[in-house]
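Thank you all for coming.

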Amino acid sequence: PSVPRHTNRLINEKSPYLLQHAHNPVDWYPWGQEAFDKAKKENKIIFLSVGYSTCHWCHVMEEESFKNKEIGEIMNKNFVCIKVDREERPDVDKVYMTFVQATSGGGGWPMSVWLTPDLKPFVGGTYFPPEDGVHRVGFRTWKENKEALLESSQKILEALLRSSEICVQGQESPPPSKEVMDTCFQQLSNSYDEEYGGFSESPKFPTPVNLNFLFTYWALHQTTPEGARALQMALHTLRMMAHGGIHDHISQGFHRYSTDQHWHVPHFEKMLYDQGQLAATYSRAFQISGDKFFADVTRDILLYVSRDLSDQAGGFYSAEDADSYPTTASEQKREGAFCVWAAEEIRALLPDPVEGATEGTTLGDVFMHHYGVKEAGNVSPMKDPHQELKGKNVLIVRCSPELTAAQFRLELEQVDVLLREARQRLSTARAQRPRPHLDTKMLAAWNGLMISGFAQAGAALAEQEYVSRAVQAAAFLRKHLFDPATGRLLRSCYRGKDNTVEQSAVPIQGFLEDYVFVIQALFDLYEASLEQDWLEWALQLQHMQDKLFWDPKGFAYFSSEAGDPSLLLRLKDDQDGAEPTPNSVAVTNLLRAACYSGHTEWVEKAGQILAAFSERLRKIPIALPEMARATAVFHCTLKQVVICGDPQGEDTKEMLHCVHSVFSPNKVLMLADGDSARFLHRQLPFLASLERKDGKATAYVCSNFSCSLPVTSAQELRGMLCP
C-alpha cells in the first residue's frame with residue numbers, strides 16, 4: 001500500500017471507526033478537551049460528525065466529502081472538526097441526535113452537527129452530499145445568523161431538557177399491569193403483518209423486544225384467544241425471518257434489517273446485539289413450541305458468532321460491515337458483495353446430476369428452486385437504488401422441503417442432505433471472496449447481550465458448550481472491562497496488534513447500558529451454570545449502578561453519569577428499539593436482584609422506574625414493550641424456584657433440566673447445595689430451612705420468601721411452573 005498523504009490525530013485512537021478516518025485530509029480531532037480548547041481559543045465553530053464503522057452512508061459521505069482534498073482544506077480553515085464513534089460514546093451521540101430529531105424531524109447516521117465553541121448545537125442533519133456541501137452549510141448559516149442561532153440554540157436546548165425529562169409526577173404509582181399489557185398487545189396486533197410477520201411494512205427490523213413481550217403475554221393468557229394470537233404472531237415472525245434473506249443461509253447469523261416487507265433484501269451489516277438477542281429469543285421459541293426448527297436457528301446464530309465475531313481471549317467483536325470488494329481485483333466496495341450470488345455461479349458450483357430425481361435435474365436446480373434464485377437476479381430494482389445488486393440473488397427460502405421434494409420427485413430426507421451439501425459448497429466458494437470489514441471493538445453492553453444469548457440457549461437446549469462459552473466471555477469482561485480497584489465497568493476494549501487486547505490511554509467508563517446488560521447476563525449465566533461468583537458480581541454491579549446513575553428526585557436511571565462538563569443533557573432513553581432501553585431491563589434486573597439478596601428496596605426501585613414511565617406505558621406501550629413486559633413481572637411477583645440437591649447428582653440434574661425446559665417469564669432459579677458458608681446461603685437465611693426429602697433432590701417454589709410443599713419429581717415440578 002502507498003504511504004498515506006495525510007495523517008490526523010485519529011491515528012492515536014483505538015476505535016476501528018476513528019482509525020478509518022485517520023488518513024482523511026480533514027484534520028479530525030477525537031471528542032475531548034484538546035478540540036474544545038482549540039475552538040474556544042480560535043473562536044471557531046465545531047463540525048461534529050458521528051457514525052460507526054459498519055454504517056453504509058458513513059462510508060459514502062467519507063468517499064464523497066471527507067477524502068476530498070479541497071473540501072478538507074475548507075473544513076480545516078473554518079471549523080474544528082471532531083469525529084465520534086457512536087458505539088464508543090452513546091452519551092454524546094444521544095445528546096446531539098435528540099437535537100437533530102427535534103429540529104429536522106428525522107435522524108440517523110452519519111450525523112452531522114455544527115456546534116458553538118461551547119458545544120451547543122445550532123444546525124444539524126444526517127448525510128450531506130458534496131453539492132450541498134458539508135463545508136458550506138454550517139459555515140454559511142453561522143456567518144449570516146450568528147446571534148439568532150445562538151438564541152434559538154439556547155431555546156431548543158431548554159425545550160429538549162424539559163421534553164426529555166422523565167420523572168414521577170406527584171405521588172404516581174406503577175401503572176396497572178393488565179391495562180399496560182393489553183394495550184401493548186393490541187397495538188402490536190394492529191401493526192402486525194399477517195402474511196410475512198413483523199410489525200411494519202418496510203423497513204423491517206428483527207426487534208426481539210416485541211417477540212419477548214408476546215411470549216410473556218402468551219404465558220400469562222395461555223387459555224385465551226388473545227394468548228394464542230400472541231404466540232402465533234411471535235412464532236410466525238421468527239419463522240419468516242429465518243426463511244428470509246435477512247438470515248444468512250450460507251454463513252449463518254442475521255443481517256441488521258430488511259429493506260422490504262418480505263424479509264428479503266437486507267442491509268447486510270451484522271451486529272453483535274442482534275445475534276445475542278435473537279439467540280435468546282429463538283431458544284425461547286424452542287422452549288415454548290418444542291419445534292426443533294427454532295433450536296436449529298439458535299445453533300446457527302451461535303455458530304456464526306463463535307466463528308466470526310469471537311476474540312481468542314473470549315470477548316465478542318461488535319459488527320461486520322455491509323460493504324466489501326466483489327473480487328480481489330475490485331477497486332470499489334459494494335454493498336452485499338460478500339453475500340449475493342449470480343445464477344451462473346451457482347450452476348457452476350453445483351453441476352452434479354441428482355440421482356432418482358426428474359430426468360436431467362442437477363443439484364443447482366434443486367438449490368435454485370428452493371432458495372428463489374433467478375437467472376436475471378431476484379432483487380427488485382426498487383430495492384437497489386445504486387444498482388449494486390443487479391443480476392444478483394439474495395437467497396430466500398421460497399418452498400418448504402416437502403414442496404421442493406415433490407417438485408423433483410425426491411424423498412424428504414434426500415432434499416435435506418442435498419441442500420446441506422449445496423450450502424457447504426457455496427460456503428467454501430464464498431470463503432475465497434474478500435471479507436467485509438470487521439469491527440473488532442469489544443463493548444461491555446453488547447458482550448452482555450451475547451453472554452445472555454449463549455447462557456439462555458445453553459440452558460434451553462441443554463448444550464453445555466454454550467454455557468462454557470458464556471462463562472469464558474464473562475471471565476473476559478471481568479479481566480478486560482472491569483476495574484476491580486473502583487468496582488466500575490469500562491465501556492470498551494480493542495483487538496490490538498498481535499491479537500492482544502488493548503485499552504485506550506484514557507479508558508471510557510461504562511454507561512448505564514453497560515451495567516444493565518452485563519448484570520442481566522450475569523443473572524442468566526448463574527441460572528445456566530449455577531456458579532455463585534457470577535451472582536455475587538451481579539449484585540455488586542447493581543449497587544454501583546444505583547450509585548452512578550439513579551435519579552433520586554425524578555426516579556429511574558440516567559443513561560450517563562453526572563460530572564461530565566462536555567455533556568449538555570443527562571438523558572433517560574424512552575424507547576425499546578433494536579436494543580431494549582436500559583431502564584426497561586433494569587426493572588427485571590432489580591426484581592431478580594431482590595430475589596437473590598433479600599434487599600426489598602430493589603423491588604421499590606423497580607416500581608419507581610415504572611411510575612416514572614407511567615404515562616408512556618399507559619398511552620404508547622408499543623414504544624416500550626420490554627418495560628410493558630416488566631410491569632407483568634413486577635405485579636405477578638417472581639417465583640423463586642429452589643432446588644435442594646447435590647449439583648453433581650443425577651436427580652438434581654433432572655430437576656434442573658425440567659426448570660430449563662419450561663418457559664416461565666416470572667421465575668428465578670437457585671440451587672441450594674446445603675453449604676451454609678456460600679454466598680446464597682449468607683444472603684438468604686430462609687434457604688437453611690429447606691430440606692431434601694428422603695435424601696432426594698427436592699424442589700420448592702417460593703414467593704415473597706414463603707414456600708410451597710416440597711416436590712421430588714420433575715413431573716410435579718413442571719406442573720407447578722406452568723401457569
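This is a predicted model: local features need pLDDT of at least 70, side-chain atom pairs count only at pLDDT 80 or more; totals for chains, interfaces and linings use all residues.

Let me begin at L530, which takes a positive phi of about 60° just after helix α18; helices here (H or I, at least four residues) and strands (E, at least two) are DSSP runs, numbered from the N terminus. Residues are numbered from 1 along each chain as its sequence is written, and side-chain values use heavy atoms, with hydrogens and water left out.

The helix itself, α18, covers residues 512-529, and because its 18 residues should span 26 Å at 1.5 Å a residue, the 25 Å between its end C-alpha atoms agrees with expectation; the expected span is 1.5 Å times one less than the number of residues. 18 of the 18 residues of α18 are buried, so the helix is largely enclosed by the rest of the structure. By buried I mean under 20% relative accessible area, with exposed over 50% and partly exposed in between, using a 1.4 Å probe and protein chains only.

Turning to the strands, β4 (residues 111-115) is mostly covered, since five of its five residues are buried. Which residues of β4 lie on each side? M111, V113 and L115 are on one side and S112 and W114 on the other, and all of these are buried. Strand β2 (residues 45-51) runs antiparallel to β4 and is joined to it by five bridges, with L48 having V113 as its bridge partner in β4. Two strands count as paired if DSSP finds at least two bridges between them. Strand β5 (residues 121-125) also pairs with β4 in the antiparallel sense, over four bridges, and here S112 stands opposite G125. In the hairpin of β4 and β5, five residues lie between the strands, and L119 takes a positive phi near 75°.

Now the cysteines. How many disulfides does a search of the whole structure find? The search finds two, where a disulfide is a pair of cysteine sulfur atoms within 2.5 Å. C55 and C58 form one, with their sulfur atoms 2.1 Å apart; both cysteines are buried, and their link is right-handed, with 85° about the S-S bond. C702 and C707 form a disulfide with sulfur atoms 2.1 Å apart, again a right-handed link, with 100° about the S-S bond. C702 is buried at a relative accessible area of 0%, whereas C707, at 32%, is partly exposed. C595 is in no disulfide, and the nearest cysteine sulfur, that of C702, is 9.9 Å away. For C644, the closest cysteine sulfur is also in C702, and at 8.4 Å it is too far for a bond. C595 is buried, with a relative accessible area of 10%, and C644 is buried too, at 3%.

Finally, the overall layout. The domain assignment gives domain 1 (10-164), domain 2 (339-432) and domain 3 (640-721), with bounds that come from an automatic or database assignment. The centres of domain 2 and domain 3, taken over C-alpha atoms, are separated by 50 Å. An unreviewed UniProt entry lists residues 405-432 as "coiled-coil region"; UniProt positions are given in the numbering used here, feature names are shortened, and annotations may be inferred rather than shown by experiment. In the model, residues 405-432 are 82% helix and 0% strand, with end C-alpha atoms 31 Å apart.
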